[in-house]
Amino acid sequence: MKIALLGYGKMGKTIEKIAIERGHNIVLTVDKDDKAYDLSKADVAIDFSIPSAAVNNLTNCFNANVPVVSGTTGWLEHYEQMVLLCKEKKGGFIYASNYSLGVNLFFELNKKLASMMKPLEGYNISMEEIHHTEKLDAPSGTAITLAEGIIENSSKNNWQLDTGDKNTIPIIAKRIDKVPGTHTVTYSSLVDDIEIKHTAHNRNGFALGAVVAAEWLKDKTGVFGMKDVLGL
C-alpha cells in the first residue's frame with residue numbers, strides 16, 4: 001500500500017516506521033507548512049498534522065480522491081463541513097480522536113460504566129488527562145470523546161475545562177514532559193471512588209492503530225470510525 005503522511009512530526013515518523021514494518025511504502029511526507037502537494041501516487045493518506053493544517057489536508061485528499069485517516073485533534077468545529085465534502089466527492093474518511101486499540105476498548109467501557117452509574121445518586125464525575133508539553137490542544141480529543149460517551153449515557157449535558165457543576169463534567173488537562181497520554185475517569189462519593197484509567201506507554205499503539213485503519217479504509221468510500229475498523 002502506498003501511503004502519504006500528512007504531518008511529519010514524532011507521530012508521523014512513528015507511523016512511517018510501523019507502516020514500513022508492515023510492508024507498506026511511504027510515497028509522500030508533508031510538513032506542517034506545506035499547503036500544496038501531489039497525492040497522485042498515494043493509495044491512502046494518514047493525517048497527523050496540526051489543527052490549523054487539518055482542513056486543508058483533508059480537502060486536498062477528498063479533491064484528489066485519496067481516502068484519508070485523520071488523527072489530528074483541535075479542528076472539529078469543521079468536522080461536519082469535511083464530512084459533507086467527503087460525501088460530495090465520494091471519498092473515504094476515518095476520524096478518531098485516538099487510534100489505540102486499548103483506548104477504543106476504553107471508550108466502550110466508559111460508556112458502559114456511565115450507563116451503570118446513571119441511576120445511582122451521590123457520585124460526582126470528573127476526568128483528568130495528561131499529555132506531553134508539545135500537545136497543542138486542551139483538553140485532548142480523547143478526553144472529549146470520553147466526555148461525550150458519558151453525556152450520551154448519563155444525566156450530564158456538557159463538559160468544561162478545569163471546572164464543572166451538577167450537569168457538567170470537569171476535565172483537568174495537565175501537560176508534563178514526555179507523557180504520551182493518560183486518561184482517568186472518576187466517580188467519587190462520600191463512601192467510595194470508582195475509577196477507570198488508560199495509560200499509554202509510548203506512541204506505538206496510536207501509530208499501529210492508524211496504519212490498521214488505513215489498511216481497512218483503502219478502496220472504501222464513506223465516513224467511518226474506529227468502531228467500524230475494529231468491529232466493536
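1. Let's start with a salt bridge: Arg 22 pairs with Glu 215, and their closest N and O atoms sit 2.9 Å apart. This pair ties together distant parts of the chain, since Arg 22 is in the loop between α1 and β2 (25-30) while Glu 215 belongs to helix α6, 193 residues apart. Bear in mind that this is a predicted model. Arg 22 has 39% relative accessibility, so it counts as partly exposed. Glu 215 comes out as partly exposed too, at 26%.

2. On to the other salt bridges. A search of the whole structure turns up seven. One joins Lys 17 to Glu 21, with 2.8 Å between the closest N and O atoms. Both residues are in helix α1 (residues 10-21), four residues apart, or about one turn of the helix. Lys 17 and Glu 21 are both exposed. There is also a network of salt bridges linking Glu 108, Lys 111 and Lys 227.

3. Asp 219 deserves a look of its own. Its side chain meets that of Lys 218 in a salt bridge, 3.0 Å from N to O. How exposed are the two partners? Lys 218 is partly exposed at 27% relative accessibility, whereas Asp 219 is exposed at 66%. Asp 219 also has a positive phi, near 70°, though it is a residue other than glycine. You'll find Asp 219 in the loop between α6 (204-217) and β11 (222-224).

4. Lys 90 is another one to check for backbone geometry. Its phi is positive, about 55°, and it is not a glycine. Lys 90 is in the loop between α3 (79-88) and β5 (92-95). With a relative accessibility of 61%, over the 50% cut-off, Lys 90 counts as exposed.

5. Now the helix packing. Helix α2 (residues 51-63) packs with α3 at an angle of about 10°, and the axes are 9 Å apart. An angle under 35 degrees counts as roughly parallel, so α2 is roughly parallel to α3. Which residues meet there? From α2 come Val 55, Leu 58, Thr 59 and Phe 62, and from α3 come Met 82, Leu 85 and Cys 86. By class, that contact has six nonpolar residues, one polar and no charged ones.

6. Last, the strands. β9 (residues 182-188) and β10 (residues 193-199) pair in the antiparallel sense, over seven bridges. They form a hairpin, with four residues between the two strands.

Conventions. Residues numbered from 1 in each chain as written. Predicted model: local features only at pLDDT ≥ 70, side-chain atom pairs only at ≥ 80, totals over all residues. Heavy atoms only, no water. Buried < 20%, exposed > 50% of the residue type's maximum accessible area, 1.4 Å probe, protein only. Axes fitted to C-alpha atoms, helices over the stretch in contact; angles between N-to-C directions. Parallel < 35°, antiparallel > 145°, perpendicular 65-115°, else oblique. Contact = heavy atoms within 4.5 Å. Nonpolar A, V, L, I, M, F, W, Y, C, P; charged D, E, K, R; others polar. Pairing = 2+ DSSP bridges. Salt bridge = Lys/Arg side-chain N within 4 Å of Asp/Glu carboxyl O.
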